[in-house]
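Biologist: I have a model to go through. Could we look at it together?
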Amino acid sequence: MSEESVLGAVTLTLQLASLSTLLLLIIATPIAWWLARTPSMWRSPVAALVTLPLVLPPTVLGFYLLVLMGPDGPLGRLTEALGLGVLSFTFTGLVIGSVIFSLPFAVQPIQRAFEGMGPRPMEVAATLGARPLDAFFSVALPQARPGLITAAVLGFSHTVGEFGVVLMIGGNIPGETRVISTQIYGYVEAMRYSEAHWLSALMVVFSFAVLFLLSSIRSRAGRLL
Amino acid sequence: MTRSANGGLSLQLRLERESFTFDIEVALPARGISCVFGASGSGKTTLLRCVAGLETEAEGRVSLGETVWQDSARRWLVPTWQRRLGYIFQEASLFEHLDVQGNLDYGLRRSNAPADAATLAAAIELLGIGSLLRRRPEGLSGGERQRVAIARALASQPRLLLLDEPLASLDAARRRDILPWLERLRDEIALPMLYVTHSMEEVARLADHLLVLENGRVKASGPAGEVLASVENPSIVGEEAGVLLSGQIALRDELWQLSRVDFPGGSLWVRDQGWQAGQMVRLRVLARDVSLAVSEPRDSSIQNQLRAVITAVIADDHPSQVLVRLDCSGSALLARVTRRALQALSLAPGTAVWALVKSVAVIG
């Protein structure tokens, strides 16, 4: 029974992290592009808003999301009216929470990459007859690749490691919202230390591998630039 | 409003910057190389960026032939990617994520004209980059990068080629490598070029038309030979004031290793550099290499002596000197002499003189 629940938690964690990473890249890339290029006065407030999850305690973020997504919250009412039910304590709710929570980790590396590129490559593409959207996909994205990879790795690992948001909006429902971090918490509460040890060690090894991968990507990108 | 008669580039532009006002109105010919010359900060690059549509805050009118690219009065602005132009930036601007072939294909695939593999092949051949196609940009020298960038621009079949100091980031040796390629470009394809530079050497070698900018305004514009010879603007080029002459190799003297170049106003002997008789060449004669005599000098070591009449005398940069403009049977010459010599020889407009040409640069 215990092995089964560990496997379930690991699978769920990987599903959550993969889906969140995919959504993160799709959402963070246009935000990063806008932040890197806009002269607008809204740039600073938006940048601060995007960075907010970095400094807020995860429980605060989780609490607000819980209230928003709950049956009496505006988002909860909307999803219920659309026939989607209430998102709190569901996997979908967890994905939404994770994406918001990890947004700054994805936006910042991509934004740095776009900023480092400068306006010249896009100008060159335009003089060669590329429409702005074409130039974005054929020039800006390939040149920002190291930033995109860093964002994906950071977003993925940050989602794997999150706990507070998950606990607040997901509860700890096996197969639905119980991920590795909450599973460890459950083991400790139940005084099952040896299982807690195994899972914790797994997280340490995983985190080390991620950081190692990141630094080797950075040094390779550094050689290229 | 400026309109060019023969399908050339017509500009009327205004752009306000914090410490700089750019305000020009000029028409440039549809053929050959128009050099845009001026000190840094004179607005050369701004002009190029306005023509390319990269300076969206500029107000005014830009048209090439019948095609209007910008007309602020009618709120009309064709975006850069629809203008069919090539832009060579000062520093290497190849896409680092593509190899040389990928860079060349990028422009070819997006050209509004029907994609034409022969155009690309011709550009590769013209710029001599056939052996570089599989290389990555980071492995190329500065000169090779610029040649690839030029070929990439040509492959997109532009109607106008804009070059922003394409040689400035290169050392003298690389510059000498690229200049012949640019001359080939000028001579072999009928593509009008706008060439920004602050180098008199490049102007002398390349310019058909010369546009001089100063503090964001047009100081002079016209055929290169005329602008350079006009004494109204001696300070444009300072030390390097001089004239451009077009001539033809008339004969070669193999005993003394000299060639005679005939030009409309006479002929000059230059060092033989293996030309063929009949070949057209450009001559550059600097004002500081021309001295004047009121009677025919029979015992001078300077063998190039031309009969001329003084048409104007104008103040030079330094108060001790003047620039004397001469009419040499229809060709203009400039001579730089001291005010003391001017007085001692009683030189004035109308005086017939002998111009002694100490040195002539032959530029391709």
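Biologist: Which residue stands opposite B:L326 in β19(B)?
Modeller: B:L326 faces B:L333. This is a predicted model, in which local features need pLDDT of at least 70, side-chain atom pairs count only at pLDDT 80 or more, and totals for chains, interfaces and linings use all residues. Residues are numbered from 1 along each chain as its sequence is written, while chains are lettered from A and ligands numbered from 1 in the order in which they are written.

Biologist: How many bridges hold β18(B) and β19(B) in their pairing?
Modeller: Eight bridges, in the antiparallel sense, link β18(B) to β19(B), residues 331-338. Strands (E, at least two residues) and helices (H or I, at least four) are DSSP runs numbered from the N terminus, and two strands pair if DSSP finds at least two bridges between them.

Biologist: What lies in the turn of that hairpin?
Modeller: Two residues separate β18(B) from β19(B), and B:S329 in the turn has a positive phi of about 45 degrees.

Biologist: Why is β18(B) largely enclosed by the rest of the structure?
Modeller: Six of the eight residues in β18(B), residues 321-328, are buried, so the strand is largely enclosed. A residue is buried if 20 or more other C-beta atoms, placed from the backbone, lie within 10 Å of its own.

Biologist: Where does B:A312 find its bridge partner?
Modeller: B:A312 is partnered with B:R325 in β18(B). Six bridges join β17(B), residues 305-315, to β18(B), and the two run antiparallel.

Biologist: Turning to chain A, how many helices and strands are there?
Modeller: Chain A has 11 helices and zero strands. Of its 225 residues, 38% count as buried.

How values were computed: A residue is buried if 20 or more other C-beta atoms lie within 10 Å of its own, exposed if 12 or fewer, and partly exposed in between; C-beta atoms are placed from the backbone.
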